[in-house]
Every structure is written in structure tokens, then in C-alpha cells.
Amino acid sequence: MIDSTSLRMSAGLMLVGQLLCIAVTQLHAGGDANDHPTIFAAYASSGIWTAVHLSQFASMVILLGGLLSLFYALDVQTESARWAGRFGAASAVAALTLYGLLQAIDGVALKKAVDAWASAPDTEKMARFASAEAIRWLEWGVRSYHDFALGVALLLFAAAAAGAARIPRPIAYLMALSGLTYLVQGWVAGSEGFSPAQSAAIVMGWVLSLVWMIWLILVAWWMQD
């Protein structure tokens with residue numbers, strides 16, 4: 001049988017991580033992220049940049065920790081579902097590794113580059129801007145592959161949850177849909193950067209994730225071992 005205590009902890013960690021991610025992202029310096037001269041100036045003037053990016057990393061650690069613990073909480077009924085859970089856990093670890101790399105690039109390297117550009121004399125600004133833009137494009141690439149890894153992890157865990165006893169199938173379907181939104185985010189980030197299309201996919205992923213996470217907590221709360 002499913003361990004309801006473990007399921008509550010897993011669902012709770014995922015929901016806390018997701019809510020923290022959404023809340024902290026609202027504090028991130030905003031603007032048209034693909035308008036590099038304007039957005040780099042906003043980044044350079046941000047006084048809470050480091051705190052925001054550390055908090056984003058912490059939120060992802062909590063979220064993916066909950067997702068990994070879901071592997072142990074589910075009572076899967078078939079060997080295929082067990083393997084889906086195992087590969088989902090591996091993909092979640094890859095997503096966390098890529099997210100750590102992403103925050104090192106965005107939270108540290110890009111900030112240093114835009115600060116150097118903003119304070120450079122006019123004769124150096126063009127070279128400094130080119131350096132910052134190159135780091136930005138590297139950020140696009142790492143963000144793209146992080147989103148792919150997280151999307152695959154959610155799809156695989158959705159397959160495992162669909163084969164678990166006492167987990168409503170619609171939860172698994174919503175989890176799979178949220179995984180698909182991350183695949184879309186990965187494609188858009190890699191092809192056109194942080195565009196309005198990617199922002200729309202992010203919001204859609206947040207909404208779907210909140211729905212199935214809250215539903216999973218309710219199921220776990222009502223469940224008896």
C-alpha cells in the first residue's frame with residue numbers, strides 16, 4: 001500500500017517549492033528579457049540579485065526533492081511503472097544539476113558581466129556588452145536543457161503515478177501536461193530565448209503544477225495507510 005505519510009511529505013515539498021519559486025520570481029528584475037541593452041541595465045541596478053537567485057535555487061531543490069521522494073511513496077503495480085519512476089528520478093537529478101549550473105551562469109557570471117558593462121568607459125562598452133550577451137546565450141542553452149530534463153522527469157513520474165494504487169488518474173494526466181509545458185519552454189528558450197511565448201508556457205506550467213500538487217496533497221491527507 002502507499003505510505004500516506006511519505007506521500008504527504010512528497011506532495012508538500014513539491015507544493016512549497018513551486019509556491020516559493022513563483023513568489024521569488026516576482027522579485028526578479030523585469031522587462032523584455034530579449035531587449036538586452038535595457039534588461040542588462042535593469043540587472044546591473046538590481047540590489048537583490050544574489051538573494052533572488054539563491055532563493056530560486058532553494059525552491060528548485062525543495063521541489064525536486066519532493067519529486068524524488070515521490071518515487072519512494074508510490075505503490076506502483078507494474079514493472080514498467082517502476083522503471084518509469086527510476087528513469088524519472090534520474091532525469092530529476094539531471095534537472096537539478098542543470099539548474100545549479102543555470103544559477104551559476106545567471107546568478108553570478110551574468111551579473112558580474114552586466115555590472116562590468118554598466119560601469120565600463122565608453123571605449124570598452126561594446127566589448128563588455130558582447131561578453132554579457134555571450135553569457136546570456138549560454139544561459140539560454142542551459143535553461144533549455146534544464147527544462148527538457150524536468151519535462152521528461154514529470155512525464156516519467158506521471159507514467160509511474162498512473163500505475164500506482166489509489167492515485168487518481170487525472171493527477172497523472174495533469175502532471176504529464178505540466179511536463180509537456182516544460183518541453184515547450186525548453187524548445188522556445190533554445191530557439192528564441194526568453195520570449196513572450198516562453199513566459200506563457202511558464203505560467204501554464206505553474207498553473208497545471210499547482211492544480212495537481214494541491215490535489216495530490218488532498219488525496220494524501222484523506223488517505224489512510
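User: Hi! Which residues does Val152 touch, leaving out those up to four places away in sequence?
Analyst: Val152 touches Ser91 and Leu183, where a contact means heavy atoms within 4.5 Å. Before we go on, this is a predicted model: local features need pLDDT of at least 70, side-chain atom pairs count only at pLDDT 80 or more, and totals for chains, interfaces and linings use all residues. Residues are numbered from 1 along each chain as its sequence is written, and side-chain values use heavy atoms, with hydrogens and water left out.

User: Thanks. Where is the place of Val152?
Analyst: Val152 sits in helix H5. Helices here are DSSP runs of H or I with at least four residues, strands are runs of E with at least two, and both are numbered from the N terminus.

User: What is the relative accessible area of Val152?
Analyst: The value for Val152 is 36%, so this residue is partly exposed. Buried means under 20% relative accessible area, exposed means over 50%, and partly exposed lies in between, with a 1.4 Å probe and protein chains only.

User: Let's zoom out. How many helices and strands does the chain have?
Analyst: There are seven helices and zero strands. The pattern along the sequence reads α-α-α-α-α-α-α.

User: What about the overall dimensions, along the principal axes?
Analyst: The C-alpha trace spans about 70 × 30 × 25 Å.

User: Nice. What share of the residues count as buried?
Analyst: Of the 225 residues, 49% are buried. The accessible surface of the chain is about 10400 Å², and carbon and sulfur atoms account for 71% of that; these areas come from the Shrake-Rupley method with a 1.4 Å probe, and for residues only the protein chains shown count as cover.

User: Which percentage of contacts joins residues at least 24 apart?
Analyst: It is 84%, taken among contacts between residues at least 6 apart in sequence.

User: Switching to charges: how many salt bridges does a search of the whole structure find?
Analyst: Six salt bridges turn up. Each one is a side-chain nitrogen of Lys or Arg within 4 Å of a carboxyl oxygen of Asp or Glu.

User: Which residues are linked in a network?
Analyst: Glu79, Arg82 and Arg86 are linked by salt bridges. Within that group, Arg82 and Glu79 meet at 3.1 Å, N to O. Both lie in helix H4 (residues 79-119), three residues apart, about one turn of the helix. Arg82 is partly exposed at 33%, and Glu79 is partly exposed at 42%.

User: What does Asp115 pair with?
Analyst: Asp115 meets Lys111 in a salt bridge of 3.3 Å, N to O. These two also lie in helix H4, four residues apart. Asp115 is partly exposed at 29% relative accessibility, whereas Lys111 is buried at 11%.

User: And Arg136 with Glu139, buried or exposed?
Analyst: Both Arg136 and Glu139 are buried. Their closest N and O atoms are 2.9 Å apart in a salt bridge. Because they are three residues apart in helix H5 (residues 122-162), about one helical turn separates them.
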